[in-house]
Amino acid sequence: MGIRELFGKNVKYYRSCRGYSQEDLAGRCNDIKDKDALSGRAFISGIECGRRNITLDKIEILAEALGVEPRCLFEMKHDSERL
């Protein structure tokens, strides 16, 4: 598994744990930074599928929206394979 796939699985894991839809997460990200920080459900889907290569700034925004440290989005500590 590549780093984008691992990152995406972790985003999906933490999003699911918090009961957020992809649209909810995009909205939370946009509330943190600005109107178009992460533009919608399709963008979040692309991240979760490992198709998007995002900037460090967006990683920081995602982590804040999910209530985790950015490093948590790169760890293999939980069973994200079930998602």
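I began with helix α4, residues 56-66, and listed its buried residues as Ile59, Ile61, Leu62, Ala63, Ala65 and Leu66. I keep in mind throughout that this is a predicted model. Looking up what these buried residues of α4 pack against, I found α1 (residues 3-17), α2 and α3. Just past the end of α4, I noted that glycine 67 takes a positive phi of about 75°.

Next I turned to the pair α2 (residues 22-32) and α3 (residues 41-48), whose axes come within 8 Å and cross at roughly 105°. On the α2 side I found the contact made by Gln22, Glu23, Leu25 and Ala26, and on the α3 side by Arg41, Ile44, Ser45 and Glu48. Sorting the residues of this contact by class, I wrote down three nonpolar, two polar and three charged.

Last, I looked up the totals for the protein chain. Of its 83 residues, 42% count as buried, and its accessible surface comes to about 5,000 Å², with 46% of that belonging to carbon and sulfur atoms. For the contacts with a separation of 6 or more, I noted that 61% are accounted for by residues 24 or more positions apart.

Notes. Residues are numbered from 1 along each chain as its sequence is written. This is a predicted model: local features need pLDDT of at least 70, side-chain atom pairs count only at pLDDT 80 or more; totals for chains, interfaces and linings use all residues. Side-chain values use heavy atoms; hydrogens and water are left out. Buried means under 20% relative accessible area, exposed over 50%, partly exposed in between (1.4 Å probe, protein chains only). Contact means heavy atoms within 4.5 Å. Accessible areas come from the Shrake-Rupley method with a 1.4 Å probe; for residues, only the protein chains shown count as cover. Axes are lines fitted to C-alpha atoms, for helices over the stretch in contact, and angles run from 0 to 180 degrees between N-to-C directions. Helices (H or I, at least four residues) and strands (E, at least two) are DSSP runs, numbered from the N terminus. Ala, Val, Leu, Ile, Met, Phe, Trp, Tyr, Cys and Pro count as nonpolar, Asp, Glu, Lys and Arg as charged, and the others, Gly among them, as polar.
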